[in-house]
Structure formats: structure tokens, C-alpha cells
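Visitor: I'm new to this one. Can you walk me through it?

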Amino acid sequence: MLLRWRVWALKSRNKPPWTLPAKAAYSKYDGKRAQKYFGHDFEVPSWFPILSLLPQRALTYIKKHHPSQTFSAAFQSCFETMWNGQLDISKPENLATALRNVFSAQEVEKIITAAGTPEVKAELAATTERVVKELGAFGCPWFWVVNGEGKGEPFFGSDRWHFMWEFLGLPFDDLRLRARI
């Protein structure tokens with residue numbers, strides 16, 4: 001999420017795209033192209049970028065205490081609430097709205113409370129430190145992909161899916177131009 005990008009950027013001396021005038025101007029085109037390609041349609045919220053510590057800490061807790069399917073559902077709900085619902089999930093009440101799509105009200109309260117504990121804060125900080133120092137992360141989206149042989153490699157950018165699929169040995173149709181006959 002955004003805060004992790006900011007931390008990586010600071011530690012790696014990278015700059016967020018919106019701080020560079022040419023990249024900021026270009027992003028309106030690139031963002032719409034990516035949305036179309038991936039089947040999304042939303043406007044960037046007026047309050048973006050957010051300080052995403054709270055949602056990242058909540059997801060850190062969820063990942064540790066729930067099955068991977070539940071974590072994935074919670075992540076998806078946060079994404080949809082923020083981008084499609086236009087709610088700033090860095091605010092506890094909006095994060096609760098997102099998490100209630102997956103958890104009971106009692107569990108949501110437990111997750112948000114846990115997100116503020118020293119243990120969860122330390123775990124997120126350690127994860128960020130590890131991916132920057134040991135794995136070389138420098139921005140977002142940044143992926144560390146491990147194949148079936150246990151070999152891991154980094155991938156950066158939302159346009160690298162075909163490289164990841166190839167690395168994983170997955171069958172896919174590469175991009176090809178069709179003849180105009």
C-alpha cells in the first residue's frame with residue numbers, strides 16, 4: 001500500500017511518481033489505461049494519497065491470525081472500499097466498514113485494536129525493513145515471487161504480469177498484434 005511505498009522510497013531514495021511533474025501529468029493516462037486493462041473504473045479519491053499505516057497493520061494482524069483466503073478477502077474489501085467506495089480506510093470507521101464485509105463487528109473491533117499494538121507495529125516495521133534491505137524493494141507495486149523450485153525473484157510494476165507468469169512456469173497467452181486483413 002501507499003505507506004509501504006513511502007517507506008521504501010525513503011529508504012531507497014526513490015521518489016513517488018506524483019512528486020515529479022512529468023510523471024504526475026502522465027499518471028492520468030497510465031492510470032486509466034491500467035484500469036481499463038484490469039477491468040476497473042474508478043476515480044482517484046480527492047484525499048489520496050493516504051497514510052496507510054492503520055490498514056497495513058490491520059492486514060498484518062489478519063494475515064497472521066486468519067487463513068489466507070480470509071486475508072485475501074479482507075485485502076479485496078479494503079481495495080474496493082477505498083477505490084470504488086471512495087472511503088479513506090486510514091480512518092478507523094472507514095476501515096471498519098471495509099472489514100465488516102469479511103468479519104463480524106466484534107472481530108473488526110478486535111482487529112482494529114490489535115493494529116495499534118506494539119507487536120503488530122513491530123511486525124510491519126520488520127517486514128518493511130526486510131523487504132527493503134534483504135530483497136531490494138524500492139516502490140509499489142513490487143512483488144517477490146517464489147516459483148515451484150523455491151527460487152525467488154523481484155518484479156516491479158503493474159505491467160510485469162507476463163514476466164511473473166513465465167517465471168512461475170504458468171501457461172499464458174502473450175500479447176500479440178493481429179493482422180488487419
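Guide: Here is a quick tour, from the overall build to single side-chain pairs. Keep in mind that this is a predicted model.

Visitor: Okay. How many helices and strands are there in the protein chain?

Guide: The protein chain has 8 helices and 2 strands.

Visitor: In what order do the elements run from the N terminus on?

Guide: The order is α-α-α-α-α-α-α-β-β-α.

Visitor: And what does the C-alpha trace span along its principal axes?

Guide: About 60 × 40 × 35 Å.

Visitor: How much of the chain counts as buried?

Guide: Of its 181 residues, 31% count as buried.

Visitor: What about contacts between residues at least 6 apart in sequence: what share joins residues at least 24 apart?

Guide: That share is 53%.

Visitor: Switching to domains. Which ones does the assignment give?

Guide: Domain 1 takes in 4-15 + 38-135, and domain 2 is 141-180. Note that domain 1 is written as two segments.

Visitor: How far apart are the C-alpha centres of the two domains?

Guide: They lie 25 Å apart.

Visitor: What area is buried between domain 1 and domain 2?

Guide: About 440 Å². Carbon and sulfur atoms give 78% of that area.

Visitor: How many salt bridges are counted between the domains?

Guide: The count is 0 salt bridges between domain 1 and domain 2.

Visitor: Where do K32 and E43 sit in the chain?

Guide: K32 is in helix 2, residues 21-38. E43 is in the loop between helix 2 and helix 3, and helix 3 covers 53-65. The two residues are 11 apart, and the pair links distant parts of the chain.

Visitor: Are those two buried or exposed?

Guide: K32 is partly exposed, with a relative accessible area of 37%. E43 counts as exposed because its relative accessibility is 52%, and the cut-off for exposed is over 50%.

Visitor: Got it. Which side chain does K133 meet in a salt bridge?

Guide: K133 meets E129, at 2.8 Å from N to O.

Visitor: Where do K133 and E129 lie?

Guide: Both lie in helix 7, residues 118-133. They are 4 residues apart, about one turn of the helix.

Visitor: And what is their exposure?

Guide: K133 counts as exposed at 65% relative accessibility. E129 is partly exposed, with a relative accessible area of 25%.

Visitor: One last pair. What is the N to O distance for D159 and R160?

Guide: Their side chains meet in a salt bridge at 2.3 Å, N to O.

Visitor: What is the relative accessible area there?

Guide: D159 is partly exposed, with a value of 47%. R160 is at 29%, so R160 counts as partly exposed too.

Key:
Residues numbered from 1 in each chain as written. Predicted model: local features only at pLDDT ≥ 70, side-chain atom pairs only at ≥ 80, totals over all residues. Heavy atoms only, no water. Domains from an automatic or database assignment. Buried area = accessible area lost by both parts, 1.4 Å probe. Salt bridge = Lys/Arg side-chain N within 4 Å of Asp/Glu carboxyl O. Buried < 20%, exposed > 50% of the residue type's maximum accessible area, 1.4 Å probe, protein only. Contact = heavy atoms within 4.5 Å.
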